[in-house]
Amino acid sequence: MDIHEYQAKRILARYGVPVARGGVASLPEEAVAEAKEIGGDKWVVKAQVHSGARGKAGGVILCRTEEEVAAATRKLVGSRLVTIQTGPAGKPVGSVYVEAASTIDREVYLSFTYDRATQNVMVVASAAGGMDIEEVARTEPDRIKRVLVDPAVGLRPFHARAIALSLGLGKAQLGPAAHAIHACYRAFWEADATMIEINPLAITTEGKALALDAKISLDENALYRHGDLAELRDPTQEDPRETFASDKGLAYVGLDGTIGCIINGAGLAMATLDMIKLAGGEPANFLDIGGAASPERVATSFRAVLQDPKVEAILVNIFAGINRCDWIAEGVIKALNEVSVKVPLVVRLAGTNVDEGMAILSRAEHPIIIADSLADAATKAVAASRAMAPAE
Ligand code: GDP
Ligand code: MN
């Protein structure tokens with residue numbers, strides 16, 4: 001789960017990561033009040049959306065007067081910010097963060113994530129931080145330093161020093177930077193984050209290290225032990241298709257194609273997506289109904305998949321182990337009775353109670369295309385979606 005920059009900064013500040021003074025606002029007059037409270041004569045007004053690369057998209061505005069703060073807030077709040085990370089629809093800006101502008105000497109990059117291969121925390125650091133870090137990673141990979149930290153040992157002073165040194169900092173800045181690195185690691189670990197990225201960590205002209213930007217992703221599977229963090233969820237920033245499904249306890253991933261997929265198990269889902277692509281089609285989404293799916297759950301899955309207007313065919317692919325084909329089939333019938341399904345439906349059932357399941361499906365009034373293997377199902381779904389697609 002992603003959270004906003006201002007929320008990430010509050011968390012980091014609690015752990016002692018230095019951040020500038022700031023406050024969140026959604027009205028121009030609130031933003032001006034924040035600016036007054038912060039003091040000084042230069043502020044940045046930053047669009048709060050779950051995306052990076054806001055600066056290049058006009059979402060970070062440097063202001064020299066209170067009028068400019070109000071104007072920047074008016075411009076951003078209520079708009080949709082389109083960055084290279086959001087896709088063409090962009091994300092709605094519900095609030096801005098008003099912050100004291102800092103005078104930056106250097107911008108460095110710092111992030112924390114997991115390295116699955118070694119099962120360690122990986123700290124990524126680069127002296128070449130700022131808005132072009134992706135370009136640096138592509139053209140000058142040597143300028144990016146990676147340090148692995150065994151979580152059983154934790155981040156030790158030698159790690160922090162190695163990272164701080166790789167940032168190319170002067171002697172006076174090593175201490176403050178190492179302190180900030182330590183604090184970030186503790187925040188990463190204790191909040192059950194999957195990612196913390198500070199880009200840039202600014203070295204100010206006064207020699208201080210300051211987190212000018214902050215992105216935190218939290219492990220959704222660990223939110224149950226962080227009630228306060230779970231509340232930071234902002235559904236306006238999510239794919240509405242995924243919000244509907246997650247509210248219903250379904251694991252749903254939105255994609256860009258035309259075939260809606262209702263599948264049990266992530267592994268079978270991956271295989272099905274591959275087979276659809278192999279057959280020349282593109283999945284619109286996939287929905288993992290999990291084990292022991294009741295007919296109600298199957299019907300709800302149809303609703304979730306049909307939320308997406310791009311869906312031109314539905315593929316149900318179930319290999320029933322814990323699941324039961326007869327329950328799945330009952331769910332399909334229930335869905336067809338309750339939800340208006342105007343697109344072709346391909347069903348492939350295998351495993352527990354498959355004969356009972358097929359018998360139930362044969363009684364359906366809505367036409368169902370039966371498939372007898374994964375490959376057959378994918379081919380039939382692609383053909384059916386082509387038949388539905390408007391002629392070009
Ligand atoms: P992002 O584009 O979404 O990653 O947003 P950032 O928060 O990283 O801001 C983009 C850029 O705006 C930074 O790399 C800085 O160059 C600049 N910026 C952000 N805050 C300040 C500030 O307080 N002072 C100055 N001078 N520049 C800032
Ligand atoms: Mn940034």
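**Around ligand 1**

Modeller: Let's start with the make-up of the shell around ligand 1: by class, it holds nine nonpolar, four polar and five charged residues. Keep in mind that this is a predicted model. In total, 18 residues surround ligand 1, and the closest are Lys46, Arg54, Gly55, Ser102 and Glu107.

Now for where the shell comes from. The protein chain is assigned three domains: domain 1 (21–100), domain 2 (104–230) and domain 3 (240–388). Domain 1 and domain 2 each give at least three residues to the shell around ligand 1.

Next, zoom in on the polar contacts. Arg54, one of the closest residues, has a side-chain N or O atom 2.8 Å from an oxygen atom of ligand 1. Asp213 also takes part through its side chain, with a polar atom there lying 3.0 Å from an oxygen atom of the ligand. Ala53 uses its backbone instead: a polar backbone atom of Ala53 is 3.2 Å from an oxygen atom of ligand 1. Taken on its own, ligand 1 has 560 Å² of accessible area, and the protein covers 85% of that. The space that ligand 1 takes up is the largest pocket.

Two backbone details deserve a look while you're here. Most residues other than glycine have a negative phi, and most peptide bonds are trans. Ala53 isn't a glycine, yet its phi is positive, at about 60 degrees. You'll find Ala53 in the loop between β2 and β3 (60–63), and this is the residue whose backbone makes the contact with the ligand oxygen. The other detail is a cis peptide bond between Asn199 and Pro200, with omega at about 10 degrees.

Notes:
Residues are numbered from 1 along each chain as its sequence is written. Chains are lettered from A and ligands numbered from 1 in the order in which they are written. This is a predicted model: local features need pLDDT of at least 70, side-chain atom pairs count only at pLDDT 80 or more; totals for chains, interfaces and linings use all residues. Side-chain values use heavy atoms; hydrogens and water are left out. A residue is near a molecule or strand if one of its heavy atoms lies within 4 Å of it. A polar contact is a pair of N or O atoms within 3.5 Å; within protein, one must be able to donate a hydrogen and the other to accept it, and residues adjacent in sequence count only if both atoms are side-chain atoms. Accessible areas come from the Shrake-Rupley method with a 1.4 Å probe; for residues, only the protein chains shown count as cover. On a 1 Å grid over the protein atoms alone, a cavity is a set of points where a 1.4 Å probe fits but cannot get out, and a pocket is an open set with protein on both sides within 12 Å along at least five of seven lines; lining residues have an atom within 4 Å of a point. A molecule sits in a cavity or pocket if more than half of its atoms lie within 2 Å of its grid points. Ala, Val, Leu, Ile, Met, Phe, Trp, Tyr, Cys and Pro count as nonpolar, Asp, Glu, Lys and Arg as charged, and the others, Gly among them, as polar. Domain bounds come from an automatic or database domain assignment. Helices (H or I, at least four residues) and strands (E, at least two) are DSSP runs, numbered from the N terminus.
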